[in-house]
Amino acid sequence: MDSPKSNDSTNSGLRDSTSKANDEEQDELCPGFRNADAFVKYGLGAVLSATKASASLPQTGDEDDFYRSFPGFREFCESQGDKLLHCMSQIMQHHGCRSHLRDQSKLTGLEERFDLVVDSNDVILERVGILLDEADGVNRTQQPVLPAGFQPPKIVVSSWNRMVGSRSRSETFRLLHAKNVARPQLKFKEKVDNSNTPFIPKIFIKPNATKPLSSYFTNKQIRKQRPEDLDVPAALADLIHQQRTQEHVEDMFAHPYQYELDHFTVPEGLLSKPEPQMYKPISKTKCSFIDSLEDLVALNEKLCKLSEFAVDLEHHNYRSFLGLTCLMQISTREEDFIVDTIELRSELYILNEAFTDPAIVKVFHGADSDIDWLQRDLGLYVVNLFDTHQASRALNLARHSLDHLLKHFCTVDTDKRYQLADWRIRPLPEEMVQYARTDTHYLPYIYDCVRAQLLDFNHGQPGLLQSVWNKSRDISLKKYVKPIFTEESYLELQRKQKRSLNTQQLTAFRLLFAWRDKLARQEDESTGFTLPTHMMNKISEELPREPQGIIACCNPVPPLVRQQVNELHLLVQQAREMPLLKVRRWLEPMFLPEVTMFGPHDTSRVSEIYFIQPVRFACSCFTSCDNSAFFLKELETPNDQDSHSVAQMKARRIIESFENPFRMYLPSSGVHISKNAKFDQSSKIYEISKRWKLQSIEQQQKELEAKREAKRKSKEEAKERSKKESAKGDVKKRERVASEVGELTPKPSKKLLKSAEKPEKKEPPPQDDFNPFDYSQSDLKVFAGTKPKDNTQFDPNRRNNECKNAKGQKSSSGPGNRSMSYMAGKSERGVRQNWPKR
Ligand code: AMP
Ligand code: MN
Ligand code: ZN
C-alpha cells in the first residue's frame, strides 16, 4: 500500500490510453517496456509464437522417433530443451517455487516434472490473482471502503472504481481502512448466533398468513427456552429441552411462508401491459432516513397502502462471521427511504406486513442475496417479488446488471463505487446515502418498462412475464443456509483451488481451516479477516518450523494470527508429524482424516471384521456424498457375500439401513456433518448430536432389552445344558437367539463355532428378520415421563450402568454415547457449561 510508485506504474499501463501525461512521469516498467500494456502485448506475442512452434514439433511416437534418429536433430532438441528448462527453472525460482526441473536425480519421471510445473503455475497464478485484485481495488483482505474525507486518507487509487474518461483524479476512489467503525454487533439486542448449527427462522408473528405460524415460533417460551433455563437437574433439563425441540423440528426448518408462496398467484391486473410511470428526478424526491421505531411504523403504514415499492439492501461481511445487513433502501414512486437496519435490526420484522402482502409488488434487482439477508438478520420474507434481474434475463438484454438497466431505461449513468463500501459507518455520509438511493429510486419505473417489454416480446401474451414472476417467487422461497463446518469443508475449498499438496501440507491446511472457522465464529469475524485463504495456503505449503515463519507467510499479518501464532505453530507442527506422502491428487483416500466409520453410526455393534478394514457405507445418508466413495474402502464384492456369517450380513444391513438423522437439518447443497464437530466444545453441533442420540436411544433401548432377554434365555439354556450335556440342539438355538436379537459380535467358543459351522452354511442369511429402524416413528414421549415406567423407558442412569458394565470400565460419555461414532469424551452431559451462551 505504501509503494505508490509500483502501483502507479502498473496502473498507468492499464489506463495507458487515457492518461498520457501520467506516463511521462513514470519510469519504464522494465527495460525496453514503457508500461505494462506494452509488456503484456510483447509477452502475449512471444507466448503465441512459442505455442505455435511447439504444436508444429514432430508428434510423439513414430514421427518423433524418426526425427530423433538424426543426431543433429536430437542434439538440437536437447540443447533447446535444456534452455527451456533452465528458463522455466529461473521463473519458478523467482517465484519461490521448487525448481529442480533439470535435476534428473531428484525427480524421476515426466509426471513429477509436470506436477512441479503445475504447482508453480498455481502459485504464480494465485499471485497474479492477488495482484489483479489489488489493482482492482478488490483487495483480498477486502479492506472496507469509506468515502473521501471520512477519515484521514491512506490512499490507494485503484482501477475498479476509476471512471473512464472525463472524471478528474480527485474523484477517484479511495480505499481506506475502516479501523474506527464501531462493531455494530455490540449493540444488537439479540446476539448473533454463529454456532455451528442450522439456521432457525427469526419470525414470531406472521402477517398475511393463510396458514398460521407454528407454535414453535409463536410461543416465545418454547422458542427462547434454553436447557440451562430450566430449573431442574442438568441431565433432565437437556432431555426436556430435546424433547420440546424435537416436536417442532419440521416447523423450525421450514420456510415460514412456504404455503403462501406455493399458493401465490399474480394479481390479474399485473399481467396486462402497463403505461410506464416516469420516475421523479432524484433532486425533487424526498429522502428520509429511518432509524427510529416510530418512523419505521409510519413507513410500514405508508407501504401497506401502495401497490408496489422497490427494495435493496447493503451488506457488510468483512468484520462479521455471517455478515451484517447494514442498510435497506426503499423507493416508492414518490419517496426514497433509507432504513438503518443496524439500529432497527430487532424491529424491522414489522415490515413483514407490507413485505408479505400478496397484493403489493416488491421490486428488487437481483434479490438472491437480499432474500437471505432479510431472513437472517431481520426475519423478513417477501411474498410477491418481482426481480428486475430476472426480467432482464427473460428479455435477453445485453447485460443484466442494475447499471445496465439504468442506462438502458433511464439513461442514467451510475458508478458502483460504493458497492463495496463499509456500510456499517454511522452517521452515514451524504455521498453514501445518495449512492444508496439510486439503487432503488428508478426501480419502480424499470419495473413498468420491463413488464411492458416482456408482454411486447411475447406478442401480448403474459407467458414470459408470468415466468419472471415464477422465477422471482422461487427466489423468495429460498431459505437462508448458515455455513456449517464439517470435517470435509476444507476439502471443498481445497478442491476449488486445485493445488496439489502432500500429506503434511494437506493436514496443515485441514487444521488451519478448522482453526480459522472456529475462531471466526467465536470472534464474529469473517474467515477472510481471521486468516485469508491465500495466507492459509502459504502456511500450509511452507509448513514453517518457527512461529516467526508463520508470521512471514502473512503480509499484512492478520490480528488474530498474531495473537494466536503459537497455536498455529502447534498445528503446523502436528501436520509435520504426518508421514510424508506425495499426494498427486487430493482425492486420494490415504490422507483423509483418520475416519473409518464416517457418520453418526453405531460402530460398537458391528462385528469386529468390519473394523479390520474400513467399511464402505452404502447407507442412504451418504449416497449424495461424493466423498464417501473414496472415503472408505470397499469391503467386499457382491460375490463374496457367501463367505460372511449371518451376523456379518446383518451388520451390513444395519449399516445400510441407517438414515442420516441430520438430513433434515442440512442444506440441500450436500453438506455433511461429521464427527469432527463434536470436538468443538463451543459448537452446538453437539446439541444436535445429542438430539440424534435421543432418536437413537429408543432403538438402542429395544436392542438392549432384546439383548437382556437373550442373555436371560441363554443363561437358562446354559443351565439346562449343563444339566443335559449331550443335548445337540442347544448350540444352534443359542446361535439363532443371538442373531435374532442383534448380537452382532458373538464370540462363540471354539467348540460352539465348530458345531455352528455346518448349520450356518446351510441356512442362507435371514433376510426378513431385520427391519430398518424408522426414526420418524420414534416415540419421544418416553422421555417426558408421561408414560408409566416400563422396560422401554429411558433411564439415563441405567444406561450409564450398562455402558460401564459392558466395557468393564467407567464410561465418561453420556447415555448412548458408546454406540455413536459421534461419541467422544467431550459430549458428556456434565460439560454443559461449555455450551456457548446465546
Ligand atoms: P447491491 O445490490 O449491488 O447494492 O449490493 C448489495 C451488497 O452486496 C453490497 O453492499 C455489497 O456488500 C455486496 N456486493 C455487491 N457487489 C459486490 C461485489 N462485486 N463484490 C463483493 N460484494 C458485493
Ligand atoms: Mn441489491
Ligand atoms: Zn444496493
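Modeller: Helices and strands are DSSP runs numbered from the N terminus, where a helix (H or I) needs at least four residues and a strand (E) at least two. This is a predicted model, in which local features need pLDDT of at least 70 and side-chain atom pairs count only at pLDDT 80 or more, while totals for chains, interfaces and linings use all residues. Residues are numbered from 1 along each chain as its sequence is written, chains are lettered from A and ligands numbered from 1 in the order in which they are written, and side-chain values use heavy atoms, with hydrogens and water left out.

The protein chain has 32 helices and six strands. An open sheet contains six strands in the order E1-E4-E3-E2-E5-E6, with mixed pairing; two strands pair if DSSP finds at least two bridges between them. Strand E1 (286–290) and strand E6 (385–387) are the edges, each pairing on one side only. From one strand to the next the twist averages 25°. Strand E5 (residues 361–364) runs parallel to E6, and three bridges join the two. Within this arrangement Phe364 stands opposite Asp387 in E6.

Helix H13 (residues 368–378) lies across strand E2 (308–316), strand E3 (324–331), E5 and E6, and runs at about 115° to E3. Axes here are lines fitted to C-alpha atoms, for helices over the stretch in contact, and angles run from 0 to 180 degrees between N-to-C directions.

Now the ligand. The residues around ligand 1 are Asp312, Leu313, Glu314, His315, Trp373, Lys416, Gln419, Leu420, Trp423 and Asp439, a residue being near a molecule or strand if one of its heavy atoms lies within 4 Å of it. E2 supplies the largest share of this shell, with four residues.

The side chain of Gln419 has an N or O atom 2.6 Å from an oxygen atom of ligand 1, and for the side chain of Glu314 the corresponding distance is 2.7 Å. From His315 a backbone N or O atom takes part, at 2.8 Å from an oxygen atom of ligand 1. Ligand 1 taken alone exposes 480 Å², and the protein buries 66% of that; these areas come from the Shrake-Rupley method with a 1.4 Å probe, and for residues only the protein chains shown count as cover.

Buried means under 20% relative accessible area, exposed over 50%, and partly exposed in between (1.4 Å probe, protein chains only). The His315 side chain makes polar contacts with the side chains of Arg376, at 3.0 Å, and Trp373, at 3.4 Å. A polar contact is a pair of N or O atoms within 3.5 Å; within protein, one must be able to donate a hydrogen and the other to accept it, and residues adjacent in sequence count only if both atoms are side-chain atoms. Beyond four places in sequence, the contacts of His315 include Leu324, Cys326 and Trp423, where contact means heavy atoms within 4.5 Å.

Gln375 is also in H13 and is buried, at 2% relative accessibility. Its side chain reaches the backbone nitrogen of Tyr480 at 3.0 Å. Among the residues that Gln375 touches outside four places in sequence are Phe199, His255 and Lys478. The C-alpha atoms of Gln375 and Phe199 are 9.8 Å apart, although 176 residues separate them along the chain.

Asn384 is not a glycine, yet its phi is positive, at about 75°, and the residue is buried, at 1% relative accessibility.

Elsewhere, Asp517 in helix H20 (residues 503–523) is buried at 11%. Its side chain forms a polar contact of 2.7 Å with that of Arg521, and outside four places in sequence Asp517 is in contact with Phe321 and Phe485. Arg426 and Pro427 are joined by a cis peptide bond with omega about -10°, and Pro427 sits in the loop between helix H15 (402–410) and helix H16 (430–441).
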